[in-house]
2 protein chains.
Amino acid sequence: MTATVTPITSMHRLYSFVAGNSGGWLVEQVMRVSGELLPAAPRIAVVAETSAHPPRDATWCLRGITSNERYVTREEKTALAAKQEGLGRAQASCAAMIPIRKSAAWWAMPQDERRDIMEQQSRHIAIGLNYLPAIARRLHHCRDLGSNEPFDFITWFEYAPADSAAFNELLRELRASLEWRYVEREVDIRLRRADS
Amino acid sequence: MTATVTPITSMHRLYSFVAGNSGGWLVEQVMRVSGELLPAAPRIAVVAETSAHPPRDATWCLRGITSNERYVTREEKTALAAKQEGLGRAQASCAAMIPIRKSAAWWAMPQDERRDIMEQQSRHIAIGLNYLPAIARRLHHCRDLGSNEPFDFITWFEYAPADSAAFNELLRELRASLEWRYVEREVDIRLRRADS
């Protein structure tokens, strides 16, 4: 490849989630919410990288990329930015990794219908806002990494042990929504920071 | 990798555009619209594939993936579906491949502001509709294939030689729009089907 197709930026947006015997997060629970479960492994490493080749001894490796906002309006973005905190907070020693795949029916809908289900009918953004800043979150997109990705999204959450009950309540609210009728596979992996 | 991360579908959505000495499309013109040009090559092959490794003798290889609609409403989707025709029509022996990269300012905007610029202010969807069914189009997304893609989109157009002037008018309308102020790199490659 020539230099002319080299990009301007080199900011890391692509992350690998590698399950195996090493990594900074200890797996405490792997729960099937819908569809097929992922195999359990002792640890998960979250690695900012671009390689398509996972470590050879990994139990599994899932990849996702942070991207532009797909549904959020300016007003919602401002409200979120005013309350949210980033990953990596010292007290946030609990994490959850939740890979999700939505149905073909979801993806066949035009933008206005998906937005209507997600926010007007399901209040996805408003619900998440209620749990800020306690529950920090980073959304990774997987669906368009290739033709055959097993999940559409991976969301990574971090929170303090004292906020575990609130986190469960957040998930309960989202899973009761109309939007979640379009979720055909969901795995809920709970973790604890290895140095905590 | 275990079978548990194998996906359900295997529909091809990822395409490679390989410039070099082989391929079904003869390059007639490579034009710089904004930003850096791509090197010229005699032919381009459009290949449905998932490999990250381009052929060794390629001048360049760009990849893009078809995806769900990001802006189109139900009403617009219905109007487009009623008029549009697919790629591969016998009479459509002309093609254009137009890779585009938009600015960081574009991607930092929330969904409602991007939609407002694209359609309310720039009439992108309405303009395209005026040129259906003569100009067939397939949009490929590149930006989220990795952290460092050189382009955000590749659009592939096909039309009959008699519609070349109309195609130029379509581009003139789009490039005059507010949306195009956010385009920081654009290359316009015109092709003719090798067997035509």
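## Salt bridges and the A–B interface

The side chains of E169(A) and R172(A) pair up in a salt bridge, 2.7 Å from N to O. Keep in mind that this is a predicted model. Across all chains, the count comes to 28 salt bridges, and six of them run between chain A and chain B.

**Within helix α5 of chain A**
- E169(A) and R172(A) both sit in helix α5, three residues apart, or about one turn of the helix.
- E169(A) counts as partly exposed because its relative accessible area is 30%.
- R172(A) is partly exposed too, at 48% relative accessibility.
- There's also a network in chain A: R175(A), E186(A), D188(A) and R190(A) are joined by salt bridges that share partners.

**Bridges that reach across the sequence**
- E184(A) and R101(A) meet through their side chains in a salt bridge of 2.9 Å, N to O.
- E184(A) is in strand β8 and R101(A) is in strand β5 (residues 94–102), so this pair ties together parts of chain A that are 83 residues apart in sequence.
- E184(A) is partly exposed at 35% relative accessibility, while R101(A) is buried at 11%.
- K102(A) has a salt bridge to E179(A), at 2.5 Å from N to O.
- Here K102(A) lies in strand β5 and E179(A) in the loop between α5 (164–175) and β8, so the pair links parts of chain A that are 77 residues apart in sequence.
- Both K102(A) and E179(A) are buried.

**Where chain A meets chain B**
- The contact involves 54 residues of chain A and 54 residues of chain B.
- About 4,200 Å² is buried between the two chains, with carbon and sulfur atoms giving 48% of that area.
- On the chain A side, β4 (60–65), α1 (74–83), α2 (104–108), α3 (111–121) and β8 (183–193) each supply at least two residues.
- That side of chain A divides into 23 nonpolar, 16 polar and 15 charged residues.

**A buried arginine with no salt bridge**
- R185(B), in strand β8 of chain B, is buried yet has no salt bridge.
- The nearest side chain of opposite charge is E36(B), 4.4 Å away, and the salt-bridge cut-off is 4 Å.
- The R185(B) side chain does reach the backbone oxygen of L37(B), at 3.4 Å.

**A buried valine in chain A**
- V18(A), from strand β1 (residues 14–20), is buried with a relative accessible area of 9%.
- Its contacts beyond four places in sequence include I44(A), V47(A), P55(A) and W60(A).

Key
Residues numbered from 1 in each chain as written. Chains lettered and ligands numbered in written order. Predicted model: local features only at pLDDT ≥ 70, side-chain atom pairs only at ≥ 80, totals over all residues. Heavy atoms only, no water. Contact = heavy atoms within 4.5 Å. Buried area = accessible area lost by both parts, 1.4 Å probe. Helix = DSSP H or I, 4+ residues; strand = E, 2+ residues; numbered from the N terminus. Nonpolar A, V, L, I, M, F, W, Y, C, P; charged D, E, K, R; others polar. Buried < 20%, exposed > 50% of the residue type's maximum accessible area, 1.4 Å probe, protein only. Lys, Arg positive; Asp, Glu negative; His and termini not counted. Polar contact = N/O pair within 3.5 Å; in protein donor to acceptor, adjacent residues only side chain to side chain.
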